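Student: Could we go through this structure together, feature by feature? I would like to learn how each kind of value should be read.

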Amino acid sequence: MAFMGQRWERRVEIPLPSTTRADSELWLTVVGKDGSVHQTMMRMDRASPATVAWFDEQRSKHARH
């Protein structure tokens, strides 16, 4: 995926599977203009607690029906 936006306000849309949970990992890999590769990981409960809560709510709704 490529980032969009101005140099200091980059954004990207990342599709997440319906199985996303608090301990799911979000990996980011960036390739610099010089070809250097930088990579990091963050658990979803740190990256976006609201997203985790939304997925939990959706699963809860489906379980009740």
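**Salt bridges, fold and surroundings**

Tutor: The structure holds three salt bridges, a salt bridge being a side-chain nitrogen of Lys or Arg within 4 Å of a carboxyl oxygen of Asp or Glu. This is a predicted model, in which local features need pLDDT of at least 70 and side-chain atom pairs count only at pLDDT 80 or more, while totals for chains, interfaces and linings use all residues. Residues are numbered from 1 along each chain as its sequence is written, and side-chain values use heavy atoms, with hydrogens and water left out.

Student: Which residue forms a salt bridge with D56, and where do the two lie?

Tutor: The partner of D56 is R59, with the closest N and O atoms 2.6 Å apart. Both D56 and R59 belong to helix α2, which covers residues 49–64, and they are three residues apart, about one turn of the helix. Helices are DSSP runs of H or I with at least four residues, strands are runs of E with at least two, and both are numbered from the N terminus.

Student: Which residue forms a salt bridge with E57?

Tutor: E57 pairs with K61, where the closest N and O atoms are 3.4 Å apart; these two also lie in helix α2, four residues apart, again about one turn of the helix. The remaining pair that I would point to is D45 and R43, whose side chains meet in a salt bridge at 2.7 Å, N to O.

Student: Are these side chains buried, exposed or in between, and how is D56, for one, to be classed?

Tutor: Buried means under 20% relative accessible area, exposed means over 50%, and partly exposed lies in between, with a 1.4 Å probe and protein chains only. D56 has a relative accessible area of 37% and is therefore partly exposed, and R59, at 22%, counts as partly exposed too. E57 is partly exposed at 41%, as is K61 at 35%. For the remaining pair, D45 is partly exposed at 29% and R43 is partly exposed at 38%.

Student: How many helices and strands does the protein chain have?

Tutor: The protein chain has two helices and two strands, and along the sequence they follow the pattern β-β-α-α. The radius of gyration of the protein chain is 15 Å, well over the 11 Å that the globule rule gives for 65 residues, so the chain is more spread out than a compact globule. That radius is taken over C-alpha atoms, and the globule rule is 2.2 Å times the number of residues to the power 0.38. Along its principal axes the C-alpha trace spans about 50 × 20 × 15 Å, and buried residues make up 8% of the 65 residues.

Student: Which residues does R21 touch, leaving aside those up to four places away in sequence?

Tutor: A contact means heavy atoms within 4.5 Å. With residues up to four places away in sequence not counted, R21 touches M44, V52 and R59. R21 itself lies in the segment before β1 (25–31) and is partly exposed, with a relative accessible area of 43%. R21 and A50 are 29 residues apart in sequence and 11 Å apart in space, C-alpha to C-alpha. For the protein chain as a whole, residues 24 or more positions apart account for 23% of the contacts with a separation of 6 or more.
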